[in-house]
Amino acid sequence: NDADDGGISTCDLALDLQQLSREFSGPPRLGRRGMYSHHIIASSKRQAISHWAAQLRLGGLAKIGWPGIIIVEGDERDVQQYVDALSRLRWKHFVVRGEQTVEGRPGQHVDDLRALPLSFQE
């Protein structure tokens, strides 16, 4: 049903960001994910996709419509949290189609490893 709300409300848009205040140790690990959905139409899903990416400092893009495609990159732990959060939404079909992890060197920042801009676009 294209008009459904995706099973979320605006109060559900707040992720548990306690992990973001964690201590960063060791070299950075950049994660990338390519996700596929039957479609992305519901405004609540579109809002969650963009809002959560911004909260987690993930860069990437979403192709709205049929099919729906989401590509993100950022700190590997944040990418995992993002995919987990999106997976909990109600989808007709949602799957991670591609994964990549890039290991940085000590002293590097995860932003140095990015191939996509640090913004999220629809």
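Reader: What are the ground rules here?

Author: This is a predicted model, where local features need pLDDT of at least 70, side-chain atom pairs count only at pLDDT 80 or more, and totals for chains, interfaces and linings use all residues. Residues are numbered from 1 along each chain as its sequence is written, and side-chain values use heavy atoms, with hydrogens and water left out.

Reader: What pLDDT does the chain average?

Author: pLDDT is the predictor's confidence in each residue, from 0 to 100. The chain averages 86, and 80% of the residues score at least 70. Over residues 1-6 pLDDT stays under 50. For that stretch the model has 14 contacts (heavy atoms within 4.5 Å) beyond four places in sequence.

Reader: What is the strand order of the sheet?

Author: Strands of a sheet pair through backbone hydrogen bonds, either parallel or antiparallel. Strands (E, at least two residues) and helices (H or I, at least four) are DSSP runs, numbered from the N terminus. Two strands pair if DSSP finds at least two bridges between them. Here five strands form an open sheet in the order 4-1-3-2-5, with mixed pairing. Strand 4 (94-103) and strand 5 (120-121) are the edges, each pairing on one side only. Strand 1 (residues 29-37) and strand 3 (residues 68-75) run antiparallel, joined by eight bridges. Tyr36 has Ile69 of strand 3 as its bridge partner.

Reader: How many salt bridges does a search of the whole structure find?

Author: A salt bridge puts a side-chain nitrogen of Lys or Arg within 4 Å of a carboxyl oxygen of Asp or Glu. The search finds eight. One of them joins Arg33 and Glu76, with the closest N and O atoms 2.6 Å apart. Arg33 is in strand 1 and Glu76 in helix 2 (residues 76-87), 43 residues apart.

Reader: Are Arg33 and Glu76 buried or exposed?

Author: Buried means under 20% relative accessible area, exposed over 50%, partly exposed in between (1.4 Å probe, protein chains only). Both Arg33 and Glu76 are buried. Arg46, which meets Glu122 in a salt bridge (2.5 Å, N to O), is partly exposed at 31% relative accessibility.

Reader: Which aromatic rings are stacked?

Author: A pair of aromatic rings is described by the distance of the centres and the angle of the planes. Rings of Phe, Tyr and Trp (its six-membered ring) pair if their centres lie within 6.5 Å; planes under 30 degrees apart count as stacked, over 60 as edge-to-face and the rest as tilted. The count is one aromatic pair. Trp91 and Phe94 have ring centres 4.8 Å apart and planes at 20°, so the pair is stacked. Both Trp91 and Phe94 are buried.
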